[in-house]
Structures are given as structure tokens and as C-alpha cells.
Amino acid sequence: MKKLKASKFAPRRTLLSVLLACSVMGAVVPAMANKADDTLIYAAGLEPENVSPYHNNAREGIILSRLAWDTLIYRDPSTSEYKPMLATSWKWEDSTNILLTLRKGVTFQNGDAFSADDVVFTFNYVNTPEAKVVTRQNVNWIDHAEKVDDYTVRVVLKKPFPAALEYLSGPTPIYPAKYFNKVGIEGYSKAPIGTGPYKITKVMSGEGVNLERNENYFTDSPVKKPAIGKIKFQVITDPDARLAQLMTGAIDWTWRVPSDQADELRMMPNLQVISSETMRVGYLAMDTASEQQKDSPFQNKLVREAVNHAINRSALANELVRGGSRPIYTPCFPTQFGCDSSAAIEYKYDPAKAKALLAEAGYPNGFETDLYAYREMDLAEAMLGDLRAVGIKAKLHMLTYAALRKEQRSGNVPLAFQTWGSYSVNDASAMISVYFKGGADDITSDQKVIRYLEKADSSVDPVIRKENYTAAIKAISENAYWAPMFSYSSNYAFSKELNFTAYPDELPRFVESSWN
Amino acid sequence: MLVFIFRRLLVAFSVAITVSIVSFMLLHFSGDLAVSIAGPDSTAEQVEQIRIDFGLDKPVVFQYFDWVWSALQGDFGRSYYFQDSVMSLITERMPVTLTLGAVSLALATVVAIPLGVIAAIKQDTWVDRLALTIACVGQAMPSFWFALTLIVIFAVNLHWLPAGGSSTWQHFVLPAIALGYYATPAMMRLTRTGMLEVLGSDYIRTARSKGLSETSVIFKHALRNAVIPVVALAAVELGFMLGGSIVIESVFSLKGLGQLAWDAISRNDYPVVQAVVLIIAVFYIVLTLLADVLNAMLDPRLRVR
Amino acid sequence: MSESTLSLNAATSGLPVVPEWRRIMNRVVGHRGLLLGSSILGVIVVLALLAPWIAPHDPFAQNISQRMIPPVWHDKGTWDHIFGTDKLGRDYLSRLLYGARISLSIGLLAALISGLIGTTLGVLAGYFGGRVDAVISYIITTRLALPVLLVALAMASLVGGGSVETVVVLLGLLLWDRFAVVARSTTQQLREAEFIASAKVIGASTSYILIRELLPNILSALIVVMTLEMAHAILLEATLSFLGLGVQAPMPSWGLMISEGKSYMFFKPWVIAIPGITLMLLVLAINLVGDGLRDMNAPEGRN
């Protein structure tokens, strides 16, 4: 463990610098992570409430999903090409039937052979109400799957769904039918089995997950057999505790480091930092549909426009988030298919206009409300400040993600600072349709928008799709249902001993990592 | 004596029952449990089914007895958030908190008693005053701030000790200092007062007049008597530490009971919250009971009010 | 909290005598701790009261281009922001000054509420003894068995946390135990005193005796407890706010300031050092005043 650059820390002539002078005396902390014992320890703040990939919607869950499970199709993150994974080939029989040929000789981590039964089981199970899949949009386009023979499956769609391959290569990992039926969801969440390059050896609620390389991983996988032997995922809720652990070498990798801290970490000899824009969009959501919010000021379109004009998007993006972040006006990420930036109104930062709009709406002195948030309290506070400047006095409530989702679905959240990373799916349906198509998380319930999205999501014609997404974006933007604010950048900070590549889909792929 | 212990036991037992009622009510003020358990996507029928399955349709008094009865058998129900029973979550986390408490208490004792003795022997000199000043300043420091300061200095800048986690004994040093520090002033003061009291007593005067050496007087005779109330106080302090470890555990990301309670509070996971409140309270009740018995045992000679 | 009831009883066991004004002054001046404590406390109170007039900036006004300016003694500091600015560009000194109002008012109000509850219970228990005493002692024991911080956090999250009022009520309802213990023991000592007996003889009502005769005589002991509980309440408020369940953003609570500055502590330590030291000074000052008052009440010296 190298010494840190001491002079960075201390204000001049303080006790601290005296103590620092003594620090030459010795570092006695043994390095616990890393190269020496071939164990990569990565830490993140959120814990998936259930490691079973269909039963959480945390990004940390997706990371695990890609480590321990495989999907039928693989999308190469650098070329965006679809490559064979558990399926060796696939073909659209018509607009609602996909025929897939499966790979032979693949085994699950418990030794069970992989076959058509597993695919059929998985896709049919996740569409039952008892499965309680968290993000229904990921699977409810599938009507059912049927076995043609042991290594051929037909996936039958409810209606034409052009993004099907995108979903088959993302949030639809394959479960072992026999094992799952034996242990049930409860047993599965404690000892999950997949076909993936790493095997989950231990799930400790509140603490993390241990993984080991799957030595029997099939060699033809587009994901090569991993270089690192063991991986530990550690839940460290406090972001500063994560930094402290990284600086002291107790962990090798962490992410979502605020830009201010990232700049400081960059200076450290034992660490490296990379930043890039991600598909994640930060937005303010205003509840206009729930019964409890009937009398909320946000029912008034003028108020929602005022909120849009009150937020200083460029200050948020360029001063606070930084690292590639930019202002966003669409309820989706601009590179996603169908996410037409020109359809959205660019609400300019204009506090005076916001005040005028509030006055026009009958709130000349503003009003009091509650802002709920689950991450980045400093950004939430910047929003509070912007809102306060126009007269909207909001109280901040920081909740965990699960708690916030629950409160919001129960209609108790008038205003929320939320973010969405679209499961890294490069299609507008992965964001707009989750929040505006009448699902559990739709707090707008605009029937017109719902109709546009239903059309857009079910057409195979790209022109029709585009048209309808554009119409939906236009309606959402004109009604100011949301105040989309900025895209996220992600700062990854990790040990110099680690080789790590970041992708714009904000999905760390430790499978590709190795030691220097 | 036996009567005293018996009466004290009775009080402790009934306090435990009252506390269990309080922690049970905590859950019941948190809203409709059936809805919480069923989850946000559930239908009205599912909620009704759960209400029946979990016995939530029965009067609150019955529910309370059900809960206590299961709790006595070690079953605190299931966590709303984790796919796990509350009891297994607690047994998983308990060792960390107990270790933290024990190490903190040991550290506090090792510091407080010698300081208290020295302060008493050197009464009204600068040593005495320094000890009292440290005690005074120490009690004014917010524990979370002290803990952060320790991390910044000793973990991040000096690299002497780890900043968080619980895998080796080194991991417990900083949290134990942060937690134990707050018990030190009270224990030091009590040692000092006790020592002053004993040193001024006839009993010590006799020992001195018999020509025993000062060291022997102080350590063999005086300290032995002065230290027992301190031990009793230490038991009580341990109880406080278990309750106060929530802050320290969250700052040092120790996965103990405190962190569990904190996570549960922020997730509205009330079965876990009430179980932890009850368990910590019971610990405290048992520890104060021990302290009282200890104090009573030496009451005849020294503890004359 | 960590002060045990054992030492508390010992400390307040002397009958409180009301010394004449001159003797008090002499002792105040002679008692360095009390003098120091009351000076610091006085300064903080005055600054808090004058905050709207002396604060250099609006404590809520954010200016993102002026963020994270270091304090004036630092190389890059400016006199415009003596203690620098926070991550949203808000003036740290101004927030600190307004934060003093939060800490002081929460401390004072919570101590008043808990004082009212605790004194009532304690006096009743001490004066009537017997069954009343047994019941009230039982309530006190139960209250002591509950982990304060944990219950405070759970309650705060139940009621939704947030406002200063919630925190005051919450702490007021939780911190009355020491008042009760002290009021009870001092009342017990005075119950048989001559002036109480003579009041009874002339047919004074019980409430008259308790309020007009007894209370003034145990007041000095209660004021000592008051200071301790104020300090305690201030620390607890900071802890609750630090954990996110106390006073909510954007209020400039000192605990919240430490919590918000935490992510900068490794690189810009002043961000947590300044509110932390201020908080410590305030609590220290109150404790010193409390200790000083206790010493003055006790006939012989300290402890």
C-alpha cells in the first residue's frame, strides 16, 4: 500500500499536519483486497432487495445478473452487435414469433444441463402474477415461450414488439427450471444458480455477495472466461465510507463518486478515476394522478411549467454533476431509439418567469411541499434552492430507493427527484413507457400519452414508432409532467492494480477486468 | 438480600413487559400492516388474505400476545424488506455489536480507572484538573463528529487503522474509541469520587497507621473498594453503548445491530425495528439488574447515603 | 445520558441553600469554569439573536459558481466568506449563525418540555410517596430501559421527521427522566421540612404547597438538570439531523451541516471541523454552566 499524498489534506499549521508528519512512522493496515489474493472487492451503496435478477431493479442487481447469469442473446457493448450467447441463432418467423436455436453443452453452475425447458420455464414463470417481477415492462411483452425440441424454443409475443432482441440480450436472464422449482423463490434468492461466468457462493443480506469464477463456463461464450478468480460485492451504504475504504485499500473499486471527490482521488498515486456520460437521466416527477394528490399544486400545468423554468439545469450538469453530464429536456436519453430531442420544449432557466407562472396559477407567494429523493442529497438540495428561489418551499425527505418507490406507488409523493438508467436498453420504450404507459409507476395517467406509447411499443415499423414516441414526448413536455434535468456522468474510482473499462450504458463488466 | 434480589427481579420483569408493549405499539402506529406486507402491487383480496393469514384481523391485544409468545420462542416474524426472518438477521448481526460493546467498555475502563485514581491521589493538582477537563470536553463532542475525525486522521491520513468493516480486530479499534470515549468521563468521575471517599475513611486511616506502604494502601485497600460501584456503572454504560452504537456503526459501516436498526428504520421495516428495540432494552434491563445487585452487595460498608 | 443516576443523586443531595447575591457573584467570578462557560454561551446566544442583522449573507442563497470557497485563513480564502462557502455556494458563517438559533431553540424548548413532564412526575412521586411513588418510579425505570436514540429515530421516521417542532416534541417526550429522578429525590428530602409542615398546619392546599413552597426550593437543582438536558437535546438533535431524520434540508442545522460536509472531509476538513467545533463549544459552555451551578449549590466544593 503506497502512502497517500499527505499534503493534500491538511489546512496549514493545524494539529493534523503535525500528526501527518508522524505518519511516516508507518502504515500498519494490511491490504485486504486485491491482486495478491486474486479477489476483486467492489463496493456500492445500494443493495438489491433480492439478488434474483427479476426481483429487483437496482443497478447493483444488474451487475450481479451479468456476472452470474447469461441471456439468450448478447449485445456487444462496443459494437452494439447482437451475438449468440445461450442461443446460437434466432429468426423472426413473423412479427410475433421468434424461433431460437439453443446452445448445446452448457451447464448451470450446479451441474444441471441447460436446455429448452429452462428457457420455457423462465419466460413463462416471470409472466405469472405470483412471480411478482419488479419491472414488468421487461417481460410483459412476452406472451409465452414454447418448446419445439430440446434445443429449440419459440418465444411468442403478445403483439409485435420490435425491441424484443434488445430485451432478450438484457434484462431476461435464464433460470434453471429444475433447481428453481425445487427451492422456490425464497431459496433461490439465498443460493441462486445461473449459467454465467461467475458463481454466487454466498448472499449476505445487508452485507453483500461473494462470487467465484465458474470454471465450467462454456468456452464459446462471447464473454470470455474471466481473468479474476474471486469477486466480492460489498454493500457500503455511506458514500464517504466507500471513499475511505478505497483510499485505505480495503476495496478495489467503487463508482458514482461525486465529481468533487473524483477530482481529488485522481491526484492519488494508488488510484485511477474515469468519468463518462451515462444513459441515466435525472428528473423531477410530479404526481398528478393519485387520489391523495388531488389538491396538490402540481395538478396545475402552470405550476409544473414553473418548476421546469425554476431548475437551473446547466448549473446542475456543468457545475455539480460534471464529467460529461448535460442538460436534458426529454423524458428519455437522447441516444435511445425514438427519443426525439426536437419534440421537447427546452424550458429555459428563468426564475422570473417561473414566479410569474406561479402567480398566474394562484400562488403569488409560492407554496410549501415535500421533495422526496433517494440519492445525491447535494443535488437534491441544489434543486431545493432553485425551487425556493421562486417561492416553492420544499422539505427534503431522503429515503431508500425501495421505500421511495413504495411511497410513490401509494400516492404519497407530490414531488420526487428520481433517476432512471433504462436498464441500459437503447430504446425509448425502456424509459418513457415505464413511467407514462399506465403501469405501476405512472403517476400521470395521461390517456393520450398512453395511447401513443402503446402504438409506438407495438409497431414493427420504425417510422410509426418514431412518430408516436415523438408525439408522446411532445405531450409530456407540453404538459410539463416531468422536469427532466440532466444526464448523469459516472465517475469510477479504482485501484491502479485493476484494469477496468467503462461503457456508456453504466454497466460495469467485471468479467472483462484483470489485474495489471 | 435474597428478598431484595427477588423484588428487583420482579421489577425488571415487569419493565421488560412494558417495554415489549411499547415496541409492539411502535409497529402498530406505522400504518396498515397488511398493506405493508402485501406490497404496493397487491390487490384488495390479497391484502385481506394476508390480514387473515397473519392474524391481523384479530384484536390488538390478541396480536400482542401472539407476538410476545412467538418472541419468547425466538420468533420475531419476518422482515418486510429482506427475504429473511427477523431472528436470523439479528443473530447474524449481534456478534459485531457485542464485540464492539465489549471492546469499547474495556477501553473505557482501562482509561477511566487509572485516570480516576491518579486524579484522586493528586487531588486539586494540574493532573486532576486536566483529567476533569478532558472529561468535560469529551462529553461535549458529538459522537458522530468524533468518529468522523478519527477516520480522517487515523484511517485515511495516517493509514494506521481501517476505516470500516469488521473482519479483523483492527477494525474495532477506532469504533471502540469513538463509542467508549463517552463512557469514560462518568466512570472516571465515579472512580475519583469513590477513591476520595475511601481514602478519607477511618478504615484507610487505620491501614495507614499500621504502617502499610502508600502503594499497598491505595491499590490493595482503597481501589478494591472504590472500584465496585464503577463496575456497576460499567454494566449500565454497556447498556447505553448498545443503544448508542447505531451512530458509530453507521459511520464505520459496521454490520451490527445498530446498522440493522438504522437500515430497517429507513426502509420502514418495522418488525426488525421493534425486535431490535426490545432486545437492546432487555439487555439494558439485565445489565442494570446486575449493577443493582452488585451495588446492594457492597452496600453495608460503603454505600451509606 | 451517560452520567449515571448514582452520581446525580450524590451531586444534588445537599440541601439547596439560596445564598445572598454578593456571595453568588464572588463564587461566579471565583469559579473559572462557570465564568468561561457563561461567557461562551452568552456570546453564542447574542450572535444567534442578532443573526438576521449580522449574518453577511442569506443562509439559503445558493450560488453554484461560488461553491467550496475555503475559509479566510486558508490561502484561497476571502474576507467576503469568512468561513468559506459550502458545496452549493452558501455562506458558511451565515449558515452557522442561523444554525445557532436552531440548536439553542431546540435545546431550550426540548428541555422545557421534558422539565415540565419530569418535574411533575418527580415531585408527585417524592411528595406523596407510597403507591404514587411506586408507579412513577416504575415509569421512570421503563423509560430508562428504552434506548433513546433508537426510539427517537424510529419515532422521527414514523411521524415523517422534518420540522423543528417535531424534533422539539420528540426530544421533550424522551428526555424527562433525569428531571424526574432529581425532582423526586429532592422532594423526598424536603417533604418533612419545617416550612412544609407549617404550611400544612395553616391549611394550605396541596397544590399551593407543591407550587409555592416546594418548587422554589428544588428549582436550583432542577436548573442544573435543565442545563444538562439542554446540552443533551442539542447533541441529540445534531445526531438525528446527521442521520437524516432530524431537522431537514435546507435548514442550517449544525448536525445537518456536518452530514452534508461529510463527503468533503478527506480533502477539505474544515467543512466538518467548523460546525463540529462550534457544536462542541456550545455544548461545552452549557455543561460548564451546569457544573458551575451545581458546585455553587453544593455546600462543599465540586463533586
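Helices here are DSSP runs of H or I with at least four residues, strands are runs of E with at least two, and both are numbered from the N terminus. With that in hand, chain C comes to 12 helices and zero strands. Before going on, some housekeeping: this is a predicted model, where local features need pLDDT of at least 70, side-chain atom pairs count only at pLDDT 80 or more, and totals for chains, interfaces and linings use all residues. Residues are numbered from 1 along each chain as its sequence is written, while chains are lettered from A and ligands numbered from 1 in the order in which they are written.

Stay with chain C for a moment. Take the contacts in chain C between residues at least 6 apart in sequence: 72% of them join residues at least 24 apart. A contact here is a pair of residues whose C-beta atoms, placed from the backbone, lie within 7 Å.

Now for chain B, which meets chain C through 45 residues of its own, in contact with 38 residues of chain C. On the chain B side, the elements giving two or more residues include α1 (2-28), α6 (126-140) and α13 (270-297) of chain B. The top contributor to that side is α11(B), with 10 residues. By class, the chain B side has 35 nonpolar, eight polar and two charged residues; Ala, Val, Leu, Ile, Met, Phe, Trp, Tyr, Cys and Pro count as nonpolar, Asp, Glu, Lys and Arg as charged, and the others, Gly among them, as polar.

Leaving aside neighbours within four places in sequence, B:Val276 is in contact with B:Ile90, B:Leu257, B:Leu260, B:Ala261 and C:Leu150.

Helix α10 (residues 202-209) of chain B is another story: the number of its eight residues that are buried is zero, so it lies largely in the open. After α10(B) comes B:Gly211, with a positive phi near 85°.

Within chain B, confidence is highest in helix α7 (residues 143-157), at 90, and lowest in helix α14 (residues 299-302), at a mean of 49.

Over in chain A, look for an open sheet of 10 strands with mixed pairing, in the order β8-β9-β10-β1-β11-β16-β12-β15-β13-β14. Two strands pair if DSSP finds at least two bridges between them. Strand β1(A) has five of its six residues buried, so it is largely enclosed by the rest of the structure. β1(A) runs parallel to β10(A), joined by six bridges, with A:Leu40 bridging to A:Ile231. Strand β1 (residues 39-44) of chain A also pairs in the parallel sense with β11 (residues 253-254) of chain A, over two bridges: A:Tyr42 partners A:Trp253, and A:Ala43 partners A:Thr254.

Notes: A residue is buried if 20 or more other C-beta atoms lie within 10 Å of its own, exposed if 12 or fewer, and partly exposed in between; C-beta atoms are placed from the backbone. pLDDT is the predictor's confidence in each residue, from 0 to 100. Two residues are in contact if their C-beta atoms, placed from the backbone, lie within 7 Å.
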